[in-house]
Amino acid sequence: RASLYLGVSSTKEAQVKIIKALTRKFNLHENVDLFQIAENIPMNFTGADFYALCGDAMLIAMKRKITEVDKLVELENEKLTLNGVGGGVKLIKNIEQ
């Protein structure tokens with residue numbers, strides 16, 4: 001695996017290119033505007049800063065999705081219990097445990 005050094009970007013367009021490269025395997029929502037994101041990033045961000053930013057964004061998104069799934073599972077378990085199905089057996093317990 002090769003190392004790549006990314007210094008401080010001189011333009012917002014360069015910052016957008018870095019963000020695009022780092023998020024190329026992410027499933028971004030169609031409304032995500034990478035240029036708007038770059039507009040809010042200081043010009044002294046390094047490649048490591050961008051890497052951390054994108055990694056943190058992915059982690060936050062994953063936690064949000066896990067919370068959504070947990071809530072759906074909870075609702076389904078309540079429906080099963082209310083309908084007398086499963087005798088109180090739970091489908092899935094909190095994923096984060």
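Q: Contact means heavy atoms within 4.5 Å; with that in mind, which residues does T23 touch, not counting residues up to four places away in sequence?
A: This is a predicted model, in which local features need pLDDT of at least 70, side-chain atom pairs count only at pLDDT 80 or more, and totals for chains, interfaces and linings use all residues. Residues are numbered from 1 along each chain as its sequence is written, and side-chain values use heavy atoms, with hydrogens and water left out. Not counting residues up to four places away in sequence, T23 touches L28, L34 and C54.

Q: Does T23 count as buried or exposed?
A: Buried means under 20% relative accessible area, exposed over 50%, and partly exposed in between (1.4 Å probe, protein chains only). T23 is found in the loop between α1 and α2. Its relative accessibility is 8%, so T23 counts as buried.

Q: What pattern does the protein follow along the sequence?
A: Helices (H or I, at least four residues) and strands (E, at least two) are DSSP runs, numbered from the N terminus. The protein has 3 helices and 0 strands. Read along the sequence, that gives α-α-α.

Q: Which element has the highest mean pLDDT?
A: pLDDT is the predictor's confidence in each residue, from 0 to 100. The protein averages 84, and 77% of the residues score at least 70. Among the elements, helix α3 (residues 47-82) has the lowest mean, 90, while the highest, 96, belongs to helix α2 (residues 34-39).

Q: How are the rings of F45 and F50 arranged?
A: Rings of Phe, Tyr and Trp (its six-membered ring) pair if their centres lie within 6.5 Å; planes under 30 degrees apart count as stacked, over 60 as edge-to-face and the rest as tilted. The structure holds 1 aromatic pair. The centres of the F45 and F50 rings are 5.3 Å apart and their planes are at 75°, so the pair is edge-to-face.

Notes: Contact means heavy atoms within 4.5 Å.
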